[in-house]
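Here is a friendly briefing to read with the model open beside you.

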Amino acid sequence: MPHRARCAAGHRPLGEVSDQPARQHPPRGALSFRDRDAEYEAARRKVQTFLNAQEEREIIFTSGTTDSINLVMHGYGRKFIGRDDEIILTTLEHHSNIVPWQMLAEEKGAKIRVVPVNDRGELLLEEYKKLFNSRTRFVA
Ligand SMILES: Cc1ncc(COP(=O)(O)O)c(C=O)c1O
């Protein structure tokens with residue numbers, strides 16, 4: 001039966017422990033921390049090469065697309081996008097690439113410019129080019 005282990009001095013919970021005998025082997029497919037780190041670092045180098053990034057540390061893994069976009073918005077966006085600056089989006093974006101920019105635009109007084117699409121759902125590239133001006137700060 002599981003029970004909470006407690007630190008003798010501070011009575012701080014240390015986690016659940018079980019009376020059952022410990023498993024003899026780690027679960028199949030489990031990697032050691034060292035193996036897992038090596039895999040991450042190898043993947044980071046591959047992505048760096050693929051994207052032609054200058055340094056490995058430019059490649060940051062997150063839990064997913066939404067998390068990454070939020071990271072860019074809070075990091076880059078909050079620092080470099082200000083009042084009357086412009087962010088270009090398309091009408092084809094996933095929700096996760098609209099909401100953070102709307103929030104930033106509201107917070108900073110920036111503007112969102114939207115690339116239109118035609119009836120076939122294709123971006124109007126000539127219209128897209130026209131959206132760029134000296135206030136353009138980001139294409140999301
Ligand atoms: C185009 C696009 N952007 C963003 C997302 C959100 O991705 P995530 O679940 O990794 O945050 C999805 C998810 O399907 C997607 O298709």
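Asp85 counts as buried because its relative accessibility is 5%; buried means under 20% relative accessible area, exposed over 50%, and partly exposed in between, with a 1.4 Å probe and protein chains only. Please keep in mind that this is a predicted model, in which local features need pLDDT of at least 70, side-chain atom pairs count only at pLDDT 80 or more, and totals for chains, interfaces and linings use all residues. Residues are numbered from 1 along each chain as its sequence is written, and side-chain values use heavy atoms, with hydrogens and water left out.

**Asp85 and its loop**

- Asp85 sits in the loop between H2 and E3; helices (H or I, at least four residues) and strands (E, at least two) are DSSP runs, numbered from the N terminus.
- A polar atom of the Asp85 side chain lies 2.8 Å from the backbone nitrogen of Gly82. A polar contact is a pair of N or O atoms within 3.5 Å; within protein, one must be able to donate a hydrogen and the other to accept it, and residues adjacent in sequence count only if both atoms are side-chain atoms.
- Setting aside neighbours within four places in sequence, Asp85 is in contact with Phe80, Ala110, Lys111, Arg135 and Arg137, where contact means heavy atoms within 4.5 Å.
- Asp84 lies in the loop between H2 and E3 as well, and is partly exposed, with a relative accessible area of 37%.
- The phi angle of Asp84 is near 70°, a positive value in a residue other than glycine.

**Another positive phi**

- Asn52 has phi near 60°, also positive in a residue other than glycine.
- Asn52 belongs to the loop between helix H1 (33-51) and H2, and its relative accessible area of 68% makes this residue exposed.

- One oxygen atom of the ligand is 2.8 Å from a polar backbone atom of Thr65.
- An oxygen atom of the ligand is 2.5 Å from an N or O atom in the side chain of Thr66.
- Ser96 is found in the loop between E3 and H3 and is buried, with a relative accessible area of 10%.
- Beyond neighbours within four places in sequence, Ser96 is in contact with Thr65, Thr66 and Ile69.
- Ser96 and Ser68 are 28 residues apart in sequence, with their C-alpha atoms 9.7 Å apart in space.

**The nonpolar core**

- In soluble globular proteins, nonpolar side chains tend to be buried together.
- Here the largest nonpolar core has 10 residues: Ile69, Met73, Ile81, Ile87, Leu89, Trp101, Leu104, Ala105, Ala110 and Phe138. Such a core is a set of buried Ala, Val, Leu, Ile, Met, Phe, Trp, Tyr and Cys residues joined through side-chain atoms within 4.5 Å.
- Helix H2 (65-80), strand E3 (86-90) and helix H3 (99-108) each give two or more residues to this core, and H3 supplies the largest share, three residues.
- Apart from neighbours within four places in sequence, Leu89 is in contact with Asn97, Ile98, Trp101, Ile112, Arg113, Val114, Val115 and Ala140.

**Leu71 on H2**

- Leu71 is found in helix H2 and counts as partly exposed, at 47% relative accessibility.
- Leaving out neighbours within four places in sequence, Leu71 is in contact with Ile60, Thr62 and Tyr76.

**The whole protein**

- The protein has four helices and five strands, in the order β-β-α-α-β-α-β-α-β along the sequence.
- Of its 140 residues, 19% are buried.
- The protein exposes about 11,100 Å², with carbon and sulfur atoms supplying 54% of it.

Conventions
Areas by Shrake-Rupley, 256 points an atom, 1.4 Å probe, with all protein chains shown as cover.
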